[in-house]
Amino acid sequence: MRRFPIEILIVVLCVVMLALGWRIYGTGEMGRFGPAIHAQRAPSALYARMLVRYAKPPIYEEEFRTSDVEGVSTFDYRIRGVKGHQITITAPAARVYDVSFFYGRLVQDGIWQLVDKPSLPNADGHYTVYVKQLADYKRGQRTVTFTDPEYWAKKAGQQFEIDLSKGVPKDLVYIASQQAGDSRYAQIVTDFRNFGPDEFRHNVGLAQARIRAMHG
């Protein structure tokens, strides 16, 4: 009678044990780490921009643009004078957290709650704010326009009187909502103007001064 080689028996036993171990533990671990692997593979992109157009010289237009795509941040600032002169300050693309932290601040300050505001007469500037997010396989974007953000903030706490002897106005809710101030518009604008490392903000200030000097 031929004896079954012990080496082959050991190999067969190892294969069986590995198969059983994978079936018992492997599927459970994959179930545990599967969502994390899925999240790591999810595309990630953040965009935030603000365009300001002025009614009076010397500055005609300013634009702040930021983006973070798959962890790579880019941002720039553009200013244009009423005579057409334009200066652009661009930061090189880099794996830094400037834009992601900035985007988090915008969300915290209520950028997703902003809505369009009517254009006010004799407004100094017209603002267009754009934000877009793509993360965890979800996406969202919004464009909001408004004028004079400081005006909407200063309306907070204003009082108004209604003569109830003439009846309750049908548009009472509308009147109250119009009287309520909202500082988020001013705060979002401030966030954009304060964005960036010191060198970037310094160069933005130099560009603004140069345009004013050229168009003064």
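The model is predicted, so local features need pLDDT of at least 70 and side-chain atom pairs count only at pLDDT 80 or more, while totals for chains, interfaces and linings use all residues. Residues are numbered from 1 along each chain as its sequence is written, and side-chain values use heavy atoms, with hydrogens and water left out.

Start with the fold. The protein has six helices and six strands. Helices are DSSP runs of H or I with at least four residues, strands are runs of E with at least two, and both are numbered from the N terminus. In that direction the order is α-β-β-β-β-α-β-β-α-α-α-α. The protein has 216 residues, of which 31% are buried. Buried means under 20% relative accessible area, exposed means over 50%, and partly exposed lies in between (1.4 Å probe, protein chains only). A contact needs heavy atoms within 4.5 Å. Among contacts with a separation of 6 or more, 58% join residues 24 or more positions apart.

Now take helix α5, residues 184-193. Its buried residues are Y185, A186, I188, V189, D191 and F192. An α-helix has 3.6 residues a turn, so residues three or four places apart point the same way. The buried residues of α5 pack against β1 (45-54), β2 (59-69), α2 (98-108), β5 (125-135), β6 (138-147) and α3 (149-154).

One of these partners, α2, has a defined geometry. The axes of α2 and α5 are 10 Å apart, and the packing angle is about 170°. This makes α2 roughly antiparallel to α5. Axes are lines fitted to C-alpha atoms, for helices over the stretch in contact, and angles between N-to-C directions run from 0 to 180 degrees. Angles under 35 degrees count as roughly parallel, over 145 as roughly antiparallel, 65 to 115 as roughly perpendicular and the rest as oblique. On the α2 side, F102, R105 and L106 meet I188, D191 and F192 of α5. By class, this contact has four nonpolar, no polar and two charged residues. Here Ala, Val, Leu, Ile, Met, Phe, Trp, Tyr, Cys and Pro count as nonpolar, Asp, Glu, Lys and Arg as charged, and the others, Gly among them, as polar.

The largest nonpolar core has 32 residues, and M50, Y77 and F192 touch the most other members. Such a core is a set of buried Ala, Val, Leu, Ile, Met, Phe, Trp, Tyr and Cys residues joined through side-chain atoms within 4.5 Å. Beyond its neighbours within four places in sequence, Y77 contacts E62, E63, F64, I87, T88, I89, F200, V204, A207 and Q208. D76 lies in strand β3. D76 is buried at 13% relative accessible area. Leaving aside its neighbours within four places, D76 touches E63, F64, R65, I89, T90 and F200.

Charge pairing comes next. The structure holds seven salt bridges. Each is a side-chain nitrogen of Lys or Arg within 4 Å of a carboxyl oxygen of Asp or Glu. R78 pairs with E61 at 2.9 Å, N to O. R78 is in strand β3 (residues 72-81) and E61 in strand β2, 17 residues apart. R78 also bridges to E63, with the closest N and O atoms 2.8 Å apart. Another bridge joins D182 and R184, with closest N and O atoms 2.9 Å apart. D182 is buried at 16%, whereas R184 is partly exposed at 28%. Through shared partners, salt bridges join R53, E61, E63 and R78 into one network.

Finish with the loops. The peptide bond from P57 to P58 is cis, with omega near 15°. P58 sits in the loop between β1 and β2. E70, which is not a glycine, has a positive phi of about 55°. E70 lies between β2 and β3 and is partly exposed at 43%. N122, also not a glycine, has a positive phi of about 60°. N122 belongs to the loop between α2 and β5 and is exposed at 76%. Y97 is in the loop between β4 (86-94) and α2. Y97 is exposed at 59%.
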